[in-house]
Protein chains: 2
Amino acid sequence: MNGRFIVTYLVRSDAGSIAARARAIAVEQSVEMPLDAVTDADVQANIVGQVDGIADCGGGRFAVRIALAAETVGGDAAQLLNMAFGNSSLQSDVTLVGLESPPGFAGPRHGIAGLRARAGAQGRALTCAAIKPQGLAPERLAELMARFARGGLDFVKDDHGLADQAYSPFAARVPACAAAARQATTETGRLTRYVPSLSGSLDRLRSQGRIARAEGLDTVMVAPMLAGFATIQAFAREFPDLALIAHPSLGGAARIAPELLVGQLFPLIGADAVIFPNYGGRFGYSETTCRRIAEGARGAGTLPVPAGGMTLARVPELLDFYGAETMLLIGGNLLQAGDRLTEQAASFAKCVATHTYEAP
Amino acid sequence: MNGRFIVTYLVRSDAGSIAARARAIAVEQSVEMPLDAVTDADVQANIVGQVDGIADCGGGRFAVRIALAAETVGGDAAQLLNMAFGNSSLQSDVTLVGLESPPGFAGPRHGIAGLRARAGAQGRALTCAAIKPQGLAPERLAELMARFARGGLDFVKDDHGLADQAYSPFAARVPACAAAARQATTETGRLTRYVPSLSGSLDRLRSQGRIARAEGLDTVMVAPMLAGFATIQAFAREFPDLALIAHPSLGGAARIAPELLVGQLFPLIGADAVIFPNYGGRFGYSETTCRRIAEGARGAGTLPVPAGGMTLARVPELLDFYGAETMLLIGGNLLQAGDRLTEQAASFAKCVATHTYEAP
């Protein structure tokens, strides 16, 4: 099937109905109209979705493979989601679980190698913390940034709730935190990367990207489900010098499989690293899901970043689980150290630096 | 609670755990860190989310009301979703079901009155059809546009799958269809509004909006979940002359209640009309859900547009159900008429025009 790409759905159905249901999904996600009203032979042959296969997964669930025409996507990332799951997302029996990328998607520009180069670290996992709570003024956030940097972490990101609020405008917060990171370098001899969170429309992302550049920053965080896939795609093209860390906000796990959304689709639109909820935390993702997200991301050249309620005590376990090709992101648990924040960050950095990694 | 807005979640829990779970959601959706590490008194008092109430809905479900600080949103539509449901969307026990709008959101600019003025129709429902399938060349789509217009419909929209594909580029399709609509006016004496579907990043929406304007069009369709809420908000501000019809693509009903997403949030960011899956069609929305979406939209001044597998035969039933303050959108069922498309469209127009509406 030349010029087609396979999209896979998990569908709740009985065995007698699944063939018809699969054909209905193929129509829904392509021409969305009664086939007998499609009079054009080219459209029938080249545009109408085709059922490529149906596999019984047991328990009244079937994996349905649909071959969609790559032409319908035309290289636009929002249109990719539209064709893969636009209307079917509104039907409760269907979950999107797989997608072969059609042509036209660049994927990560910096990826694992670019993030390792920024951190100056090989053969070990990378470390990341977050500055918060939101509500603090820029100078207070910058103070936290400085203390994490003195602890020797690789990356420190904005809390994803930090946007452009009156109490901490982007144009004030980012220069303050970038300066704090540079200042700490004079003490530690290495640069902890400050990673601001970009938000809003493409215009706002642009002006925020320019501020980040002007401060000498080379890595930023974006939330593709909030900003829109096409926005991220456009931003990545326009700021090829910035590495992108994707945040899963609004990624509601229920209807697009997280290993697909975070592990594959975020990389597809240019994420160099993907943050996702770690197993055993407060998000209920299983070990299997987390392993698949991490493997999917690495397969695309994107660095997996487990996060969410992780503690310093779990770092060895997580390094055994994820291995060296990962970045660990700990926020609240480090911030709980209070006055000992720098020392806590240093323990985190040391634990990751001295861990015995199994050969990949 | 000055400066706060209430967000309501439906939470699966047992009675003994719900108070703690509610507090955890309040933290997750505000500062997202252990409260004992929040040392700033202002942040504790003014930024940390507060549990405003918990109601037992029976069956192990609780309605949890959380008061979030309006300051955290700052008038940005993507940030509104981030604060209301960013991380909690990743937790499978939580559904977002209600949201009081914080300040800073304009809502629909044209709304019901603006769409009625365009159609030149009062006291009856409005009519809409869709041109498709995708894959057709611009002149073929323009031909369908002309035939629907001759039938006397109020609005004819692009299929939401039509983007900027090689077989039907926006810059060719839209002038062709707009010209067809104008041409039909010379025969019918009234202008059927052609409604192009806009897609891609804000830049692309902008250039598409300019093309639509240049063709004299005054109504366009957008998909907020694909484009991103902040994108739509920015576009609506920049093109205040264009009425916006929102398409629910990727609106996956499972985790944000459809009556909230389509009936309230789409209007909030400027939708003048909202398309949603009608009950009894292929999307499984209940009558109750559809009624709530329609009532919510009208309450915001936005026109409800039920659609999705609707047939001409059901028009009287749907008019009784939705009343006159609505627009009916029929696509495939009209296109099935083949050579009799204009006559079928005319029947649709007549049925809506001659229906006996109950006084509101």
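Two residues are taken to be in contact if their C-beta atoms, placed from the backbone, lie within 7 Å. Helices (H or I, at least four residues) and strands (E, at least two) are DSSP runs, numbered from the N terminus. The model is a predicted one, in which local features need pLDDT of at least 70 and side-chain atom pairs count only at pLDDT 80 or more, while totals for chains, interfaces and linings use all residues. Residues are numbered from 1 along each chain as its sequence is written, with chains lettered from A and ligands numbered from 1 in the order in which they are written.

The buried residues of α3(B) are B:Ala77, B:Ala78, B:Gln79, B:Leu80, B:Leu81, B:Asn82, B:Met83, B:Ala84 and B:Phe85. The cover over them includes β1 (4–12), β3 (61–69), β4 (94–99) and α9 of chain B, together with α8 (224–227) of chain A.

Next comes the interface between the chains. Here 69 residues of chain B are in contact with 69 residues of chain A. On the chain B side, at least two residues each come from α2 (41–46), α3 (77–85), α7, α8 (224–227), α9 (229–238) and α13 (332–335). Of the elements on that side, α3(B) gives the most, with 6 residues. By class, the side of chain B that touches chain A splits into 30 nonpolar, 28 polar and 11 charged residues; Ala, Val, Leu, Ile, Met, Phe, Trp, Tyr, Cys and Pro count as nonpolar, Asp, Glu, Lys and Arg as charged, and the others, Gly among them, as polar.

Now for the helix pairs. In chain B, helix α5 (residues 138–150) packs on α6(B) at an angle of about 30 degrees, and their axes are 8 Å apart. Axes here are lines fitted to C-alpha atoms, for helices over the stretch in contact, and angles run from 0 to 180 degrees between N-to-C directions. That angle makes α5(B) roughly parallel to α6(B) (angles under 35 degrees; over 145 is roughly antiparallel, 65 to 115 roughly perpendicular, and the rest oblique). The tally for the contact is 13 nonpolar, 2 polar and 4 charged residues.

Helix α6 (residues 170–188) of chain B also meets helix α7 (residues 202–214) of chain B, their axes coming within 10 Å and crossing at roughly 25 degrees. This makes α6(B) roughly parallel to α7(B), and the crossing of the two is right-handed. B:Phe170, B:Ala171 and B:Val174 of α6(B) make the contact with B:Gln208, B:Ile211 and B:Ala212 of α7(B). Of these residues, 5 are nonpolar, 1 is polar and none is charged.

Leaving aside neighbours within four places in sequence, B:Met145 is in contact with B:Ile131, B:Val156, B:Cys177, B:Ala180, B:Ala181 and B:Tyr194.

Most residues other than glycine have a negative phi, and most peptide bonds are trans. A cis peptide bond joins A:Lys132 and A:Pro133, with omega about 10 degrees, and A:Pro133 lies in the loop between β5 (126–131) and α5 (138–150) of chain A. In chain B, a cis bond likewise joins B:Lys132 and B:Pro133, with omega about 10 degrees. A:Glu32, though not a glycine, has a positive phi of about 50 degrees; its place is in the loop between α1 (18–28) and α2 (41–46) of chain A. A:Glu32 is buried, with 21 other C-beta atoms within 10 Å. B:Glu32 also has a positive phi of about 50 degrees, and with 21 C-beta neighbours inside 10 Å B:Glu32 counts as buried.

Terms used
A crossing is left-handed if the near helix is turned anticlockwise from the far one by less than a right angle, and right-handed if clockwise. A residue is buried if 20 or more other C-beta atoms lie within 10 Å of its own, exposed if 12 or fewer, and partly exposed in between; C-beta atoms are placed from the backbone.
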